[in-house]
Every structure is written in C-alpha cells, then in structure tokens.
Amino acid sequence: MERAVFVPDLKRLPASGEPFDRLYLGSEFCVWRLPGERELEAALAAAARGGMGFSLVTPFLDEPGLERALSLVRALPEDPAIEVVANDLGLLSSLRESGWRGTLVAGRLLTRQRRGPGFQSFGDVPPAAAAALRGSALDAPAFVELLGSVYGVRRFELDDLVQGVRVPALPAGVSLSLYRPWLLVTATRNCPWIFDGRTWDRSHGCPRPCRSQTLRMTPVQDPAAHNGERTLTLGGCAQFLEHRSDNPPPTGVDRIVWQPEVPA
C-alpha cells in the first residue's frame, strides 16, 4: 500500500523520516491556493530529498483559473512518476489537446460520491439505497472508459465515506486512491473568507486570508461517532468532516492519501 501525504503548502511538509512514499501539494477547491512556480520547484526538490514521488493537486476552475493551472502544470517535468491530480474536466481536456504527456489522475471531485455528513442518522436504510449511498461515478463503466481512453486516466481518487465505500469491478490497470481522515462535504466559489458584506469578487487577486485557519461549525448528529455527533470544519471555501477509520480499504485501493490536517 502506497502512502501519500497531502499538504496545502510547503510550511506543512512532513517531518523528515516519516514513512510516506508520495507528496501531494496544492488545492482542490481554490486556484488562488495553488503554489507559484518557485514553490513548486522547491516542493519537487523536497520530495526528491525525501525519496517521495510528487503529485500536484489542482481545483475546479473558471477560465482565468484554467490558464493559471495550465501554466503551472507546464512547469512540471513530463516524468510519468510526477502526477497532476485534476478536479476539472477542462484541465484534463486542455492538457491532452496540447500534447502534455505527464500522468493525469482523476481527483475526488470528479468521482462524485454521495457526501451528506448525516447519513448515519437516517436509521435503517433499504439495502439498495444503502448501496447507492456508497457508490460513485465509477459505477458507470462509460465514465471510467471515457477518462481512460480519451485522457489516459488510470487512477481515480475517493473519500473514505462514513457510510462506507462500494467499488465496482474495474478494468485491468485502473488504480484507486483513498483519502483519510478529512472527507469533503461541499465546496463553493463564494469564499466566506473574502466576503466584505457586498461582493465575493476576487478578480483582482486574493490575499489568501484562509491560510492556516479553520472554523468549527455546527455538530452533525451521528450515533456511530464517539460522542454521538461529528463537527463540520470550514477550511478555505470547503467544508470537511473528520472520519478516522482503521477498516481495510476497498478492493482496488493501492494508495492512502493521508491529510494530517484540513487540506486548505
């Protein structure tokens, strides 16, 4: 089982000697939180010193954000061991159309799991409904085939959902990553950290006031949790739920993506 560690910036790199095989750096939800080219170069060097592979994590994108992400990805060596985790189909398409030959991974925003944080409070759920709540876009063979044949995607990423994860039979050569312990609940473009009471506009840039800050939110009732509830955490423009589990990962998972803290 490969072990990856996901950090939002270089200030939160793991201590030397920690047993990780791969470094994830970047943002899944905000283009302003992506590293600059200098930070990207330093991250590649840090991963090499630690004997780790490297994955650049990228968010969902608008048109200006797409150009910024493309510029950053093109600064990467086109080494098959270096990955770009894409959470936007436009980025996948643009990179392949431009002839970029690096390794592309479908991030957890593209696999479309059922993310409601309070499923455990529903009580008894019919078996068919429970199975649907554990599924994802991977249940559609056409989705896996499209991303594989058109964009060369052979790795898909999933959250370790509170209600469990069901993985269908997948084509040979397809691999899965599982994120622990911070599960995405929802995300927005309208970042609460920059709202001034009148506008959400960030077209002029963003000072990134959310860095290294989180907010604890209203608890969600969950009989399966230690004290009967789980607390949502706001990091950047996304909400997360902490779910620690020692259960074996589903069949097909060969990488655990560990998030030491909220990835924002």
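Me: How many helices and strands are in the protein chain?

Reply: The protein chain has five helices and 12 strands. The model is predicted, so local features need pLDDT of at least 70 and side-chain atom pairs pLDDT 80 or more, while totals for chains, interfaces and linings use all residues. Residues are numbered from 1 along each chain as its sequence is written, and side-chain values use heavy atoms, with hydrogens and water left out.

Me: What share of the residues counts as buried?

Reply: 50% of the 264 residues of the protein chain. Buried means under 20% relative accessible area, exposed over 50%, and partly exposed in between (1.4 Å probe, protein chains only).

Me: And what share of the contacts comes from residues 24 or more positions apart?

Reply: Counting contacts with a separation of 6 or more, such residues account for 63%. Contact means heavy atoms within 4.5 Å.

Me: On to helix 5. Which of its residues are buried?

Reply: Helix 5 spans residues 141–151, and its buried residues are Phe143, Val144, Leu147, Gly148 and Tyr151. They sit on the same side of helix 5 because they cover an arc of only 120 degrees around the axis. That arc is taken from the directions from the helix axis to the C-beta atoms.

Me: What covers the buried residues of helix 5?

Reply: The cover includes helix 3 (89–97), strand 5 (103–106) and strand 6 (155–159).

Me: Let's take helix 3 against helix 5. At what angle do the axes cross?

Reply: Roughly 25 degrees, and the axes come within 10 Å. Axes are lines fitted to C-alpha atoms, for helices over the stretch in contact, and angles run from 0 to 180 degrees between N-to-C directions. Helix 3 and helix 5 are therefore roughly parallel to each other. The classes are: under 35 degrees roughly parallel, over 145 roughly antiparallel, 65 to 115 roughly perpendicular, the rest oblique.

Me: Which residues meet there?

Reply: Helix 3 brings Leu89, Leu92, Ser93 and Arg96, and helix 5 brings Leu147, Val150 and Tyr151. The residues of this contact divide into five nonpolar, one polar and one charged. Ala, Val, Leu, Ile, Met, Phe, Trp, Tyr, Cys and Pro count as nonpolar, Asp, Glu, Lys and Arg as charged, and the others, Gly among them, as polar.

Me: How does helix 2 pack with helix 3?

Reply: Helix 2 (residues 63–74) packs on helix 3 at an angle of about 50 degrees, with the axes 10 Å apart. That makes helix 2 oblique to helix 3.

Me: Which residues are in that contact?

Reply: Leu66, Ala69, Leu70 and Val73 of helix 2 meet Gly90, Leu91, Ser94 and Leu95 of helix 3. These residues divide into six nonpolar, two polar and no charged.

Me: Switching to backbone checks. Which peptide bond is cis?

Reply: The one from Arg180 to Pro181, with omega near -10 degrees. Pro181 lies in the loop between strand 7 and strand 8 (182–187).

Me: What about Arg112, what is its phi?

Reply: Positive, about 55 degrees, although Arg112 is not a glycine. Arg112 is in the loop between strand 5 and helix 4 (127–133). Its relative accessible area is 61%, so Arg112 is exposed.

Me: Last topic, Ser177. Buried or exposed?

Reply: Buried, at 0% relative accessibility. Ser177 is in strand 7.

Me: What does Ser177 touch?

Reply: Leaving out residues up to four places away in sequence, Ser177 touches Tyr24, Arg155, Phe156, Glu157, Leu158, Arg255 and Val257.

Me: And Ala47, what does that touch?

Reply: With the same exclusion of residues up to four places away, Ala47 touches Leu23, Met52, Gly53 and Phe54. Ala47 is in helix 1 (residues 37–49) and counts as buried at 1% relative accessibility.

Key:
Helix = DSSP H or I, 4+ residues; strand = E, 2+ residues; numbered from the N terminus.
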